[in-house]
Amino acid sequence: MNKPIAVVTGASAGIGAATARHLAAAGFHVVLGARRLDRLAEVAGSVGGEAVELDVTDPASVEAFADRVPGCHVLVNNAGGAKGLDRVDAADEERWRWMFEANVLGTLRTTKALLPKLLASGNGHVVTVTSIAAIEIYDGGAGYTAAKHAQSALHRTLRGEFLGEPLRFTEILPGMVETEFSAVRFDGDTDRAEKVYQGIDPLTADDVAEVIAFAVTRPPHVNLDQIVLKPRAQASATRAHRTS
């Protein structure tokens with residue numbers, strides 16, 4: 001295979017699926033990983049990529065996934081998410097556990113498993129999609145912000161540990177993006193999820209994917225360390241201008 005290989009996790013929908021499309025358009029052969037294999041196969045088929053089942057919360061699944069990846073030039077750690085908006089005094093430990101497994105340990109497992117192939121490529125690039133929740137906090141969000149802060153710290157530590165190696169690291173920190181994120185956070189309550197974006201023009205999955213594609217197609221000596229992107233109408237995690 002002559003094309004460089006890009007691996008995208010959480011690629012069955014949202015930012016992951018959009019990233020797969022943009023990287024394929026940029027000339028990569030894309031290996032897509034996610035739990036929902038039927039939806040994953042649809043996305044992979046549309047970009048000429050390969051769909052491989054992946055649950056980043058399961059070490060055995062990550063190992064099996066990595067074994068099927070023939071090589072890796074770019075890894076996009078996109079799998080993750082939020083569960084609930086519980087105050088700390090009402091914290092649900094199972095929700096917290098899932099958020100740390102999906103966001104932090106999932107990123108650790110996948111990155112660790114593919115690092116040898118990234119290094120062997122001679123020009124590897126690890127992109128981790130965190131959130132503005134990795135640099136901010138908000139009431140009811142402690143479980144998610146704690147997980148995203150930890151995920152960010154993991155990613156930024158790699159930047160120093162592999163200094164001098166042919167490996168780049170970029171952290172993407174999106175603000176409000178209208179995807180399935182809020183529906184997952186609210187256990188499938190789509191009405192509640194829609195209200196999150198009411199009166200605002202949020203980012204789209206394609207907006208974020210376009211930035212990821214830009215970062216990984218810079219010359220090898222250029223490392224975009226952190227990229228924060230928000231809708232024009234959003235100033236912070238808790239401040240947004242709504243028209244209604």
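Predicted model: local features only at pLDDT ≥ 70, side-chain atom pairs only at ≥ 80, totals over all residues.

Student: What radius of gyration does the protein chain have, and what would a compact globule have?
Tutor: A compact globule with 244 residues would come out near 18 Å. The chain agrees with that. Its C-alpha trace spans about 50 × 40 × 35 Å along the principal axes. The radius of gyration of the protein chain is 17 Å.

Student: How many helices and strands does the protein chain have?
Tutor: Both kinds of element are there, and contacts between residues 24 or more positions apart make up 67% of those with a separation of 6 or more. The count is 8 helices and 9 strands.

Student: Are α3 and α4 roughly parallel or roughly antiparallel?
Tutor: Look at helix α3 (residues 59-68) against helix α4 (residues 93-120): their axes are 9 Å apart and the angle is about 25°. Angles under 35 degrees count as roughly parallel. So α3 and α4 are roughly parallel.

Student: Is the crossing of α3 and α4 left-handed or right-handed?
Tutor: On the α3 side the contact uses P59, V62, A66 and D67, and on the α4 side R109, T110, A113, L114 and K117. By class, that contact has 5 nonpolar, 1 polar and 3 charged residues. As for its hand, the crossing of α3 and α4 is right-handed.

Student: What is the orientation of α1 and α8 to each other?
Tutor: Helix α1 (residues 14-25) and helix α8 (residues 205-216) have axes that come within 8 Å and cross at roughly 45°. That angle makes the word for α1 and α8 oblique.

Student: Which class do 9 residues of the contact of α1 with α8 belong to?
Tutor: α1 brings G14, I15, A18, T19, R21, H22 and L23, while α8 brings A205, D206, V208, A209, E210, I212, A213 and V216. Of these, 3 are polar and 3 are charged. The 9 others are nonpolar.

Student: On to single residues. Is A34 buried or exposed?
Tutor: A34 is found in strand β2 (residues 29-34). Setting aside residues up to four places away in sequence, A34 touches G10, A11, S12, L40, V52, E53 and L54. Its relative accessibility is 7%, and the cut-off for buried is under 20%. A34 therefore counts as buried.

Student: How far apart in space are A34 and G10, C-alpha to C-alpha?
Tutor: G10 is one of the residues A34 touches. The two are 24 residues apart in sequence. In space, C-alpha to C-alpha, A34 and G10 are 4.8 Å apart.

Student: Which residues is S61 in contact with, leaving aside its neighbours within four places in sequence?
Tutor: S61 is found in helix α3. S61 is buried, with a relative accessible area of 16%. Beyond those sequence neighbours, the contacts of S61 are E53, L54 and D55.

Student: What is the relative accessible area of D58?
Tutor: D58 is placed in the loop between β3 (50-53) and α3. D58 and A102 are 44 residues apart in sequence, with 9.3 Å between them in space, C-alpha to C-alpha. D58 is partly exposed, and its relative accessible area is 32%.

Technical notes
Residues numbered from 1 in each chain as written. Heavy atoms only, no water. Axes fitted to C-alpha atoms, helices over the stretch in contact; angles between N-to-C directions. Helix = DSSP H or I, 4+ residues; strand = E, 2+ residues; numbered from the N terminus. Parallel < 35°, antiparallel > 145°, perpendicular 65-115°, else oblique. Left-handed = near helix turned anticlockwise from the far one by under 90°. Contact = heavy atoms within 4.5 Å. Nonpolar A, V, L, I, M, F, W, Y, C, P; charged D, E, K, R; others polar. Rg over C-alpha atoms; globule rule 2.2 N^0.38 Å. Buried < 20%, exposed > 50% of the residue type's maximum accessible area, 1.4 Å probe, protein only.
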